[in-house]
Amino acid sequence: MMKLNLNHLAIILDGNRRWGRAHGMKMSVDFYIKSGLLGLDVAQAAFDRGIDNLTIWIGSVSNLTKRPTLEIKALNKAYKKFFADSKNLDFAHERRIKVDCLGRWRDLLESDTVKVITKTVDETAMYADSGRRLTVLLGYDGSEERGAALQKILTSPISLRMPSLAPNRQTVDDEAERERDGLAGGTSDELHYFANLLRQNSWTGHLPDVDLIIRTGVSNDPHNSAGFLSLLADNTQYAFLETLWPDFTPEMLHQILDDFATRERRMGK
């Protein structure tokens with residue numbers, strides 16, 4: 001296997017329901033478990049390749065608010081089973097992996113499901129300094145993440161202005177000219193400061209930049225969804241697969257990672 005320079009891998013698990021329909025399965029808790037809601041074998045393969053940060057998106061806000069009630073109940077049971085699974089917990093403890101769950105899951109999931117997830121998150125909190133992290137995005141929406149970050153900033157006592165840059169601000173005439181040209185907004189340093197401020201107050205801002213995003217089940221429609229990890233994806237590379245998530249294997253992951261290792265990442269240079 002090729003050596004990787006990849007610190008943060010994110011996977012969008014797409015295609016479960018299409019896979020289920022193709023196999024004549026109803027949307028039940030058994031379906032979600034059989035379809036591999038969050039494949040332990042894929043996670044193991046990622047960490048075995050030396051990837052320290054793995055983020056997997058297993059449920060959007062829309063998934064938990066716009067689908068039929070029975071399907072949402074099935075999702076709750078599947079989430080609860082996954083986070084309580086002894087094999088998954090043993091894996092996290094053996095590898096000293098901190099498990100996080102980010103998004104609006106506390107608001108959108110049933111109370112019993114929230115308790116199980118919270119227990120797993122708390123049990124692995126001791127590995128915060130290990131450098132290895134599995135982040136599960138649940139009840140997640142990138143647009144809502146940005147909105148929540150801005151709301152947090154606006155309702156906090158911090159100052160939004162950079163005092164250290166105040167003496168270097170342009171004159172009123174310069175500002176008026178920039179506004180006419182559609183360029184108003186401050187210096188490059190200020191704009192980067194505010195971008196970082198938004199990230200620091202976001203749900204995922206503590207995570208490193210994403211090096212690679214894999215999306216399964218694109219079916220000739222490669223795209224992002226709901227601003228997925230938009231605050232961490234300035235220089236992200238992508239891999240789009242037609243393969244539906246339940247058919248995605250560790251071998252496929254290794255192929256993608258080997259391809260990534262051969263890519264030239266110029267970072268805009």
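Predicted model: local features only at pLDDT ≥ 70, side-chain atom pairs only at ≥ 80, totals over all residues.
Next I looked up which residues of α8 are buried, and found T113, V114, V116, I117, T120 and V121. Seen down the helix axis, they fall within an arc of 165 degrees, so they line one face of α8. On the face turned away from the buried side I found the exposed residues S111, K115, K119 and D122. I also checked what the buried residues of α8 pack against: α5 (69-84), α6 (86-95), β3 (98-102), α7 (105-108) and β4 (133-140).

**Cores.** The largest nonpolar core has 45 residues, and L9 and L138 have the most contacts inside it. Helix α3 (residues 40-48) gives the most to this core, with 5 residues. Another core, of 12 residues, lies apart from it; I12, L102, L207 and L229 are among its members.

I then followed L9. Beyond four places in sequence, its contacts include A46, I51, L212 and L253.

**R215.** This residue is in strand β5 (residues 212-215). Is R215 buried or exposed? I find R215 buried, because its relative accessible area is 5%, under the 20% cut-off. Its side chain makes a polar contact of 2.9 Å with that of D14, and reaches the backbone oxygen of H223 at 3.1 Å. Among its other contacts outside four places in sequence I noted I12, F240 and L241.

Definitions and conventions: Residues numbered from 1 in each chain as written. Heavy atoms only, no water. Buried < 20%, exposed > 50% of the residue type's maximum accessible area, 1.4 Å probe, protein only. Helix = DSSP H or I, 4+ residues; strand = E, 2+ residues; numbered from the N terminus. Arc of directions from axis to C-beta. Contact = heavy atoms within 4.5 Å. Core = buried A, V, L, I, M, F, W, Y, C linked by side-chain atoms within 4.5 Å. Polar contact = N/O pair within 3.5 Å; in protein donor to acceptor, adjacent residues only side chain to side chain.
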